[in-house]
Amino acid sequence: MMRTFAQASLVLRGARELKPSGDRLSAALAAAVLIIWALHMVLAENAGSNQGARQEAAAAGQPQPTTSTPQREYVIAGYGGAPYTHPSDVHFGKPGVTDMTARNINWEGRAFKSPVYYGNRTIAWAGSSPFGAMLDFTHSKTISQRAQEIEVSGTRNGQRVPSRTKVDDLFRHLEFSHGHNTLVLNGLLRLADLAPRFGPYVGGGIGVALPHTEVGFRDGESRTYEYQYVGPAAQALVGLELRLPRVSLFLEYKFVIAHYVAPMTQRDGGWFPEDFLRQLTGYWRGESPAGGFLTTTLASHQVA
């Protein structure tokens with residue numbers, strides 16, 4: 001056990017040395033994988049010790065308890081909750097036309113205003129081990145604070161932008177309110193129960209960010225208003241679950257990070273399959289979005 005945690009500490013020390021700008025997503029994923037790996041090693045060592053004790057008891061002629069193999073467990077769940085998203089820089093780029101950065105945009109979650117924060121998931125737990133897998137969809141929101149005064153640098157449409165301005169003076173819309181959506185495939189690990197049918201679990205995984213982008217500048221008539229695939233997402237989680245005969249209840253903390261490269265198409269979309277198909281065919285044809293790309297990294301703490 002001491003060797004396992006010594007190895008874990010070395011990996012964590014290396015993770016702290018990653019550059020914060022380009023490696024946030026990799027660091028979050030590495031931390032999630034490391035947590036599961038370290039706990040698995042501890043449980044495996046404990047299981048080996050228990051197995052040795054049982055073999056010694058069998059050699060001494062002591063009776064052994066009989067156990068039945070537990071059945072595989074499936075869970076379909078829905079949940080509500082609330083997020084907090086860290087401020088982030090938002091960059092707009094179009095070669096030869098726009099190279100502008102709005103710094104430290106504050107984001108609001110508005111979890112209980114329509115459309116509310118929600119999620120749904122499907123889980124499969126292995127019957128004979130504490131491991132499981134989960135496909136998790138989360139609908140959160142990130143809406144810029146309109147009254148915030150921000151620093152801006154660079155050029156837009158070939159013109160210098162003011163160094164300081166209010167969000168509302170620069171943008172008509174700057175939000176992902178339908179929403180900041182992520183779809184993540186996770187590995188899960190149940191830890192030792194604190195009481196019968198009540199115990200903690202941890203997990204983590206990678207997936208994709210599928211937001212509804214709504215961005216428009218104050219001095220322009222067009223806007224980007226559609227569902228999009230914008231890049232990778234990752235999450236790490238820890239929770240408590242109460243397993244009743246046919247229902248489970250859970251309380252969970254999640255750290256979610258997503259890197260956005262959102263095409264500024266300057267068009268109004270429809271529903272998700274239609275928007276996604278249009279985006280896919282545009283990539284296939286080599287089309288460039290009319291307004292270039294919006295780039296940012298959204299890191300959020302979420303309670304489900």
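Trainee: Which residues lie nearest the centre of the largest cavity?
Mentor: A cavity is a set of points on a 1 Å grid over the protein atoms alone where a 1.4 Å probe fits but cannot get out, and its lining residues have an atom within 4 Å of a point. The largest cavity has 13 lining residues. Those nearest its centre are V75, I123, Y201, E241 and F250.

Trainee: Which elements give two or more residues to that lining?
Mentor: The elements here are strands (E, at least two residues) and helices (H or I, at least four), taken as DSSP runs and numbered from the N terminus. Two or more lining residues of the largest cavity come from each of strand 1, strand 6 (118-125), strand 11 (171-190) and strand 16 (248-263).

Trainee: Before we go on, what kind of model is this, and how are its residues numbered?
Mentor: This is a predicted model, in which local features need pLDDT of at least 70, side-chain atom pairs count only at pLDDT 80 or more, and totals for chains, interfaces and linings use all residues. Side-chain values use heavy atoms, with hydrogens and water left out, and residues are numbered along each chain, as its sequence is written, from 1.

Trainee: What is the average pLDDT of the chain?
Mentor: pLDDT is the predictor's confidence in each residue, from 0 to 100. In this chain, 77% of the residues score at least 70. The chain average is 84.

Trainee: Where is the pLDDT below 50, and how many contacts does that stretch have?
Mentor: A contact means heavy atoms within 4.5 Å. The stretch with pLDDT below 50 is residues 1-29. Beyond near neighbours in sequence, its number of contacts in the model is 28.

Trainee: What volume does the largest cavity have?
Mentor: For a volume, grid points are joined across faces, edges and corners, and the space filled by probe spheres set on the points is taken. The whole structure holds 1 cavity of 30 Å³ or more. The volume of the largest cavity is about 120 Å³.

Trainee: How do the residues of its lining divide by class?
Mentor: Ala, Val, Leu, Ile, Met, Phe, Trp, Tyr, Cys and Pro count as nonpolar; Asp, Glu, Lys and Arg as charged; and the others, Gly among them, as polar. By these classes, the lining of the largest cavity has 8 nonpolar, 1 polar and 4 charged residues.

Trainee: Now the largest pocket: which element gives the most to its lining?
Mentor: A pocket is an open set of points with protein on both sides within 12 Å along at least five of seven lines. The largest pocket holds about 560 Å³ of space and has 24 lining residues, with E73, W125, R190, R197 and R243 nearest its centre. With 4 residues, the element that gives the most is strand 1 (residues 73-80).

Trainee: How many residues of strand 11 are buried?
Mentor: Buried means under 20% relative accessible area, exposed means over 50%, and partly exposed is in between (1.4 Å probe, protein chains only). Strand 11 has 20 residues and is mostly covered. Its buried residues number 15.

Trainee: How many bridges join strand 7 (residues 131-144) to strand 11?
Mentor: Two strands pair if DSSP finds at least two bridges between them. Within strand 11, T182 stands opposite T138. Strand 7 and strand 11 run antiparallel, and the number of bridges is 12.

Trainee: Is V202 buried or exposed?
Mentor: V202 belongs to strand 12 (residues 198-209). Its relative accessible area is 9%. That is under the 20% limit, so V202 counts as buried.

Trainee: What is the phi of R197?
Mentor: R197 sits in the loop between strand 11 and strand 12. It is partly exposed, with a relative accessible area of 43%. R197 is a residue other than glycine, yet its phi is positive, near 65°.

Trainee: Last one: which residue does a cis peptide bond join to S114?
Mentor: The bond has an omega of about -5°.
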